[in-house]
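Please keep the sequence and the coordinates open while I talk.

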Amino acid sequence: MKPFLGFFVCWDIIANQEPPGFLEKFFKQKNDSEHYIPYNLNFKILSELKKPKRIIGGNAGNAAVTLSELGIPCILSCPSKPESLMQELSKHKIFLVDKGKEKTPKVCTRPEKEPAHIIFEMAGYRKIFTFDEVQLNFLLDYDFWNSLKNASYMFLSGFHTVPEKHKRKVREIADFLEKRKFKTHLELGFGKGLMKYGIKRLVDRNCIDSMGMNETEIKILGISNTNPLIIKEKLVSLLEKTGLDAAAVTDSFYALKR
């Protein structure tokens, strides 16, 4: 019985430089935003980067690595399985499910293009350029449902990176989670996508037990005040209204949880 984490894993590529000129139009508005791009533009941006930093990306991937560092093995949902990503994941106590059996990531390698999220961190905001066909089409791991059969705990994140047209897939997930026998945590994320719909559908159908977010993501719940005490009061009210067991908020200066 291991924790299960989903939906997605990718490469986060931190640019560590000013954006190339051909991306100028995306930076006219100085705010956080994410843009899906085709493979040719993804390749063009990567060719302009001098010394980018590559790290495991996606909340599920980050959480899996953290659990591994704490000595806790887990099952990870990983719909895209290019060699470089599988080799990196295999350095940790992370397993995938293939044909109903737990296997190390490198055994599950497939000849696929790498899902890449290129991040330019600017003064006070960041722009993300995403080539990720899995998230764009909300493709679940082939063994997604098999992976859940023996789960002891479920960590979900990724609705914020999926286009709104995939509401049916959210309903399918809710159908399954209504009958679950394990605790489920939903990690919020910044982005338009399916986040609001996913929260409402899963909360209304009692599919999750806790939520986690940062000071930006909490706005999705309609909480915009920056005072930690007021945020705490509003979170307590939310828990009482929804029946959730816990909610956690973190920012650069404080952490709130219950």
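Let me begin with a definition: a residue is called buried under 20% relative accessible area, exposed over 50%, and partly exposed in between, with a 1.4 Å probe and protein chains only. What we have is a predicted model, in which local features need pLDDT of at least 70 and side-chain atom pairs count only at pLDDT 80 or more, whereas totals for chains, interfaces and linings use all residues. Residues are numbered from 1 along each chain as its sequence is written, and side-chain values use heavy atoms, with hydrogens and water left out.

By that definition Lys91 is exposed, with a relative accessible area of 61%, while Glu88, at 24%, counts as partly exposed. These two form a salt bridge, their closest N and O atoms being 3.1 Å apart; the term stands for a side-chain nitrogen of Lys or Arg within 4 Å of a carboxyl oxygen of Asp or Glu.

How many salt bridges does a search of the whole structure find? The search returns 13. One of them joins Lys2 and Glu102, at 2.9 Å from N to O. Lys2 lies in the segment before β1 and Glu102 in strand β7, residues 101-103, so this pair ties together parts that are 100 residues apart in sequence. Helices here are DSSP runs of H or I with at least four residues, strands are runs of E with at least two, and both are numbered from the N terminus.

Let me turn to the interior. A nonpolar core is a set of buried Ala, Val, Leu, Ile, Met, Phe, Trp, Tyr and Cys residues joined through side-chain atoms within 4.5 Å. The largest such core has 42 residues, and those with the most contacts inside it are Phe7, Phe138, Phe159, Leu186 and Met211. Its largest share, 5 residues, comes from α7. Taking contact to mean heavy atoms within 4.5 Å, and leaving aside neighbours within four places in sequence, Phe159 touches several residues, including Phe7, Phe138, Leu186 and Leu202. A second, separate core of 33 residues includes Phe27, Ile56, Leu85 and Leu89.

In α8, Ile231, Leu235, Leu238 and Leu239 are buried. Seen down the helix axis, the buried residues fall within an arc of 100°, taken from the directions from the axis to the C-beta atoms, so they line one face of α8. On the other side, Leu229, Glu233, Glu240 and Lys241 are exposed. At the start of α8, a side-chain oxygen of Asn227 reaches to within 2.8 Å of the backbone nitrogen of Leu229, and the helix is followed by Gly243, whose phi is positive, near 85°.

Apart from its neighbours within four places in sequence, Leu49 is in contact with Ile13, Ala15, Gln17, Ile118 and Phe120.

How values were computed. A polar contact is a pair of N or O atoms within 3.5 Å; within protein, one must be able to donate a hydrogen and the other to accept it, and residues adjacent in sequence count only if both atoms are side-chain atoms.
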